[in-house]
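Hi everyone, thanks for making time this morning. Let me put the structure up on the screen, and then we'll walk through it together.

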Amino acid sequence: MTAFKTLGQFIIERQKDFPYAKGELSRLLRDIGIAAKIVNREINKAGLVDILGDAGSSNIQGESQKKLDIYANEQFIAALRSGGECCIVVSEENDEYLVIDSDISNEANYVVALDPLDGSSNIDVNVGVGTIFSIYRRKSDTGKHSTNEDVLQLGTEQVAAGYVIYGSSTMLVYTTGKGVNGFTLDPSIGEFCLSHPNMTVPAAGTIYSINEGNYIHFPDGVKKYIKYCQVEDPDTNRPYTSRYTGSMVADIHRTLIKGGIFIYPPTTGAKKGKLRLIYECNPMAYIIEQAGGKASDGYKRIMEIEVRELHQRSSIFIGSMDMVLKAEEFMSSFS
Ligand code: AHG
Ligand code: MN
Ligand code: MN
Ligand code: MN
């Protein structure tokens, strides 16, 4: 009996969790794991090979794409295409949704939304970056052309969500609606191994995570909450600590493990917030809720926000239950 459990073994073991399990979702998760290992290999060489810096192109978000944004996007799409379980890919790096048009994929039942590389601005300075994924069952009939109804689904329709963090070690964390489990890549065997079973967010935390450089543009409720975090009150362990990396995956991963709250509120530059609903906010909301935390836009549950367009943005308040509830109090009292 090996002392460890690989991602593949765990996925197969948990397959009985799905009523309609025919192994398709298991194979899809395996395909994502393979792409993560390939991207991880390239990130670990970054600096030694010509994979850093700008690609010289920009995406629909108006961001200049990094070479690694494009490389990661290509690797995940290639793995999904060859795996045959995915019929559509929504990606931060693709203007429109991508129909995986092949005879095997036309019968595929799953839609995958991807942020292939999150925290791109940090790549060149070696700060943790990640990949975020969200999985839905297709709504359109199999074999028929995939449609908007397949890609603009409510966050509550997700069947799985996860992220990879390429940091001091590389981890894959995911949920299929039965809790959250974390796997650490063991490079010596090239396998993700179960290292963080049943991850839960501490209900109370002492870390707040927000880009205070935008302070003057924040709504009053956010300003008042930040001041609340900074007030001396030993009974409630304040002042809290401030931590912000500029990579959503790294900030959320810390929040999941240590507790805390991550906030990306509206700013004058991003009136609806900066983070994208389909491939950043919804998957992270699913994971954090499954771990016992909370995720809203300051007022409304993230996963119940109507999805109207592919690259729709949302504010996000996510993390420890008590901290998000307190921040929402300030939002409803002052904004
Ligand atoms: P991406 O690299 O996928 O475009 O995402 C970047 C996001 C997210 O990772 C992070 O939380 C946020 O941008 C940081 O934004 P600011 O630099 O405006 O704080
Ligand atoms: Mn980007
Ligand atoms: Mn991102
Ligand atoms: Mn990205």
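This is a predicted model: local features need pLDDT of at least 70, side-chain atom pairs count only at pLDDT 80 or more; totals for chains, interfaces and linings use all residues.

How confident is the predictor in the chain? The mean pLDDT is 92, with 94% of the residues at 70 or more. For the model as a whole, the scores are ipTM 0.99 and pTM 0.95.

Now for the overall build. The protein chain has nine helices and 17 strands. Its radius of gyration is 19 Å, close to the 20 Å that the globule rule gives for 335 residues, so the chain is as compact as a globular protein of that length. If you follow the C-alpha trace along its principal axes, it spans about 60 × 45 × 45 Å. Going inside, buried residues account for 56% of the 335 in the chain. And of the contacts with a separation of 6 or more, 64% are between residues 24 or more positions apart.

Next, let's zoom in on one strand, β17, which covers residues 316-319. Are its faces covered or open? Both are covered. I316 and I318 lie on one side, F317 and G319 on the other, and all of them are buried. Which strands does β17 pair with? One of them is β13, residues 261-264, which pairs with β17 in the antiparallel sense over four bridges. In that pairing, I261 stands opposite G319. Strand β15, residues 294-296, also runs antiparallel to β17, and three bridges join the two. Here K294 has G319 as its bridge partner.

Finally, the metal. What coordinates the manganese ion, ligand 3? Look for D115 and D118, each through OD, and E280 through OE, at 1.9 to 2.1 Å. Along the chain, these donors follow the spacing D-x2-D-x161-E. Distant parts of the chain are linked here: D115 is in strand β5 (residues 110-118) and E280 is in helix α8 (residues 277-290), 165 residues apart. Both D115 and E280 are buried. There is a neighbor to point out as well: the manganese ion that is ligand 2 is 5.4 Å from the manganese ion that is ligand 3.

That's my tour, and I'm happy to go back to any view.

Note on methods. Residues are numbered from 1 along each chain as its sequence is written. Chains are lettered from A and ligands numbered from 1 in the order in which they are written. Side-chain values use heavy atoms; hydrogens and water are left out. Donors are N, O and S atoms within 2.8 Å of the metal (3.2 Å for Na, K and Ca); water is not among the atoms, so sites may look incomplete. Buried means under 20% relative accessible area, exposed over 50%, partly exposed in between (1.4 Å probe, protein chains only). pLDDT is the predictor's confidence in each residue, from 0 to 100. The radius of gyration is taken over C-alpha atoms; the globule rule is 2.2 Å times the number of residues to the power 0.38. Contact means heavy atoms within 4.5 Å. Two strands pair if DSSP finds at least two bridges between them.
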